[in-house]
Amino acid sequence: MSDVPAKPVLLTGASGALGRVLAARLAAQGWTLRLTDLAPFPDPLPPGASFTRADLAEGVAILRLAEGCGAILHFGGVSVERPFDEVLGPNIQGLYHIYEAARRERARVLFASSNHAVGFHERTETIDANAPFLPDGYYGLSKTYGELMGRLYWMKHGVESVLVRIGSCLPAPVNARMLASYLSFGDLTRLVTRAVLAERVEVSVVWGASANRAMTWWGADDRARLGWEPHDSADSFTPALADKVSGDPVEERYMGGAYCAIEYSRKTSA
Ligand code: NAI
Ligand code: 15L
């Protein structure tokens, strides 16, 4: 089987941190990419890629961009905790435009969900992909909505989705929490590749974390359907980062870390 998808692939959020990484690495694999973002693309355009500036709020523009695409890698939108009104447009309405485009094109969607969809699970737990959503803010709540949108479009329209609950994807882990939640760029790229190329995914939920020894929080998921396993690990950073904790009891108790502590107003002993 070829490692290059038969049809072009649309990548939203292309000008963001992960979009730029994926644009470069997937183009290097020979993929034909349509890149889009609200912000200009800051890098030289990779071979085989085009870039169109667009707002996820513009449904018609998104439909046009997706024309002829076999997959949509949806990485655009608000990517951190923000007030409800700021999250609403890009992450709820924008997501609807993505799924409507996928329905029209019969395209598969990879939705960049987040660990913050389940952020209020305690770090002493091991949860599988079917554990209840426990969002830790309006951002995490928008990710639970996105995952349910994926299920709706599968049940009603047969649109396949890979819902990746990304942990912390950055060049290297920077604190003790990320010794568990870290996802390397290489593991992300291989996961995205398998999500697009796998024969059949239906609605698959995958924890986006590397093979970190400290990753005891996230258990069974649908990775076998994709044929993906992480190769990398945060373990070599343990000596430098094991003591790098915040001292905030809420932040350290829950999987979502600092996001759980934002505007937390419950008594901490509860
Ligand atoms: P980022 O904030 O660097 O990139 C998001 C991109 O979306 C930005 O370039 C921004 O201009 C674009 N965008 C925002 N609103 C838009 C709109 N209305 N229309 C079009 N484009 C819009 O975020 P990052 O780190 O690259 O994350 C990408 C995705 O992965 C996000 O959905 C994020 O929630 C998810 N994710 C990332 C994690 C990480 O560790 N980096 C962890 C968990 C989830
Ligand atoms: C996320 O969902 C964010 O997009 C990213 O910026 C990190 O904060 C990450 O989660 C995390 O939990 O470390």
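User: Where is Glu160 found?
Analyst: The model is predicted, and what follows is computed from it. Strand S6 spans residues 161-166. Glu160 is found in the loop between H4 and strand S6.

User: Does Glu160 count as buried or exposed?
Analyst: A residue counts as buried when its relative accessible area is under 20%. Glu160 has a relative accessibility of 14%, so Glu160 counts as buried.

User: Which residues does Glu160 touch, not counting residues up to four places away in sequence?
Analyst: Contact here means heavy atoms within 4.5 Å. With residues up to four places away in sequence left out, Glu160 touches Ala107, Arg108, Val109, Trp154, Arg200, Val201 and Glu202.

User: Does Arg108 count as buried or exposed?
Analyst: The limit for buried is under 20% relative accessible area. Arg108 has a relative accessibility of 11%, so Arg108 counts as buried.

User: How many salt bridges are there, and which residues are linked in a network of them?
Analyst: The rule asks for a side-chain nitrogen of Lys or Arg within 4 Å of a carboxyl oxygen of Asp or Glu. By this rule the count comes to 14 salt bridges. The residues linked in a network of salt bridges are Glu67, Arg104 and Glu105.

User: What is the N to O distance in the salt bridge of Arg82 and Glu86, and how do these residues count by accessibility?
Analyst: The side chains of Arg82 and Glu86 meet at 2.8 Å, N to O. Arg82 has a relative accessibility of 38%, so Arg82 counts as partly exposed. Glu86, at 38% relative accessibility, also counts as partly exposed. The distance is 2.8 Å, and the class of Arg82 and of Glu86 is partly exposed.

User: With which residue does Arg200 form a salt bridge?
Analyst: Arg200 counts as partly exposed at 47% relative accessibility, and Glu202 counts as partly exposed at 27%. The closest N and O atoms of the bridge are 3.0 Å apart, and the partner of Arg200 is Glu202.

User: Why does Ala117 count as buried, and which residues does Ala117 touch?
Analyst: Ala117 is in the loop between strand S5 (108-114) and H4. Ala117 is buried because its relative accessible area is 0%. Not counting residues up to four places away in sequence, Ala117 touches Phe133, Leu134, Pro135, Gly140, Lys143, Thr144 and Glu147.

User: How far apart in space are Ala117 and Tyr145?
Analyst: In sequence, Ala117 and Tyr145 are 28 residues apart. In space, taken from C-alpha to C-alpha, the distance is 9.0 Å.

User: What share of the accessible area of ligand 1 does the protein cover?
Analyst: Ligand 1 is surrounded by 25 residues, the closest being Leu18, Asp37, Ser79, Tyr139 and Cys169. An oxygen atom of ligand 1 is 2.6 Å from an N or O atom in the Asp37 side chain, and an oxygen atom of ligand 1 is 2.7 Å from a polar side-chain atom of Ser79. On its own, ligand 1 has 820 Å² of accessible area, and the protein covers 82%.

User: What share of the exposed area of ligand 2 does the protein bury?
Analyst: The residues around ligand 2 include Ser114, Asn115 and Tyr259. An oxygen atom of ligand 2 lies 2.7 Å from a polar side-chain atom of His116, and an oxygen atom of ligand 2 lies 2.6 Å from a polar side-chain atom of Ser168. Taken alone, ligand 2 exposes 320 Å², of which the protein buries 74%.

User: Which residues make the nonpolar surface patch of about 360 Å²?
Analyst: Helix H3 (84-105) and helix H4 (138-157) each supply at least two residues of the patch. Leu141 lies in helix H4 and counts as partly exposed, at 40% relative accessibility. The patch is made by Phe84, Leu88, Tyr138 and Leu141.

Definitions and conventions:
Residues numbered from 1 in each chain as written. Chains lettered and ligands numbered in written order. Predicted model: local features only at pLDDT ≥ 70, side-chain atom pairs only at ≥ 80, totals over all residues. Heavy atoms only, no water. Patch = residues over 30% accessible without salt bridge, like charges linked within 9 Å, V, L, I, M, F, W, Y side chains within 5 Å. Areas by Shrake-Rupley, 256 points an atom, 1.4 Å probe, with all protein chains shown as cover. Helix = DSSP H or I, 4+ residues; strand = E, 2+ residues; numbered from the N terminus. Buried < 20%, exposed > 50% of the residue type's maximum accessible area, 1.4 Å probe, protein only. Near = heavy atom within 4 Å. Polar contact = N/O pair within 3.5 Å; in protein donor to acceptor, adjacent residues only side chain to side chain.
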